[in-house]
Amino acid sequence: MAIFSKLFRRKQPCEHMDLIQEVTPSSPDSCNACVEMGDTWVHLRICLICGHVGCCDNSKNKHATGHYRSSGHPLLQSYQPGEAWRYCFLDERTLPDGQAIRTS
Ligand SMILES: [Zn+2]
Ligand SMILES: [Zn+2]
Ligand SMILES: [Zn+2]
């Protein structure tokens, strides 16, 4: 039965939240990498460690995930107006809301 108790053990809370910084967004309202490519995006996400703004996984280019893969920065927050949910790539889970960075 040891195996079962391991499988069903509740996940630990995210241990990476102390990496979060006061960030300055790299763009006020767009994914710079998409703009450079002349492409479009669906939603924006912001890296909570360096402020990189990139597009979400519903966007063709998935620049926010690309930023995690190239930089190793595991924490992002929604960069949609009024949204403040956060996500940890290492834990693959959403975290308690922060403060919305864009209000409009
Ligand atoms: Zn984490
Ligand atoms: Zn993009
Ligand atoms: Zn970053």
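1. Strand β1 (residues 44-47) and strand β3 (residues 75-78) pair in the antiparallel sense over 3 bridges, where two strands count as paired if DSSP finds at least two bridges between them. Within this pairing, arginine 45 has serine 78 as its bridge partner in β3, and cysteine 47 has leucine 76.

2. This is a predicted model, in which local features need pLDDT of at least 70 and side-chain atom pairs count only at pLDDT 80 or more, while totals for chains, interfaces and linings use all residues. Residues are numbered from 1 along each chain as its sequence is written, and chains are lettered from A and ligands numbered from 1 in the order in which they are written.

3. For the overall layout, the chain has 3 helices and 5 strands, and along the sequence they follow the pattern α-α-β-β-α-β-β-β. Helices (H or I, at least four residues) and strands (E, at least two) are here DSSP runs, numbered from the N terminus.

4. Strand β1 also pairs with strand β2 (residues 53-55), again in the antiparallel sense and over 3 bridges, and in this pairing isoleucine 46 stands opposite valine 53 of β2. The two strands form a hairpin with 5 residues between them, and glycine 51 in the turn has a positive phi of about 85°.

5. On its other pairing, β3 is joined by 3 bridges to strand β4 (residues 86-88), and the two run antiparallel; here leucine 75 has cysteine 88 as its bridge partner in β4.

6. In a regular strand the side chains alternate between the two faces of the sheet. A residue is called buried if 20 or more other C-beta atoms, placed from the backbone, lie within 10 Å of its own, exposed if 12 or fewer, and partly exposed in between. Of the 104 residues of the chain, 26% count as buried.

7. Leucine 95 lies in strand β5 (residues 93-95) and is partly exposed, because 19 other C-beta atoms lie within 10 Å. Leaving aside residues up to four places away in sequence, leucine 95 touches Cys14, Met17, Arg86, Tyr87 and Cys88, a contact meaning that the C-beta atoms, placed from the backbone, lie within 7 Å. Leucine 95 and cysteine 14 are 81 residues apart in sequence, yet 7.5 Å apart in space, C-alpha to C-alpha.

Definitions and conventions
Contact = placed C-beta atoms within 7 Å.
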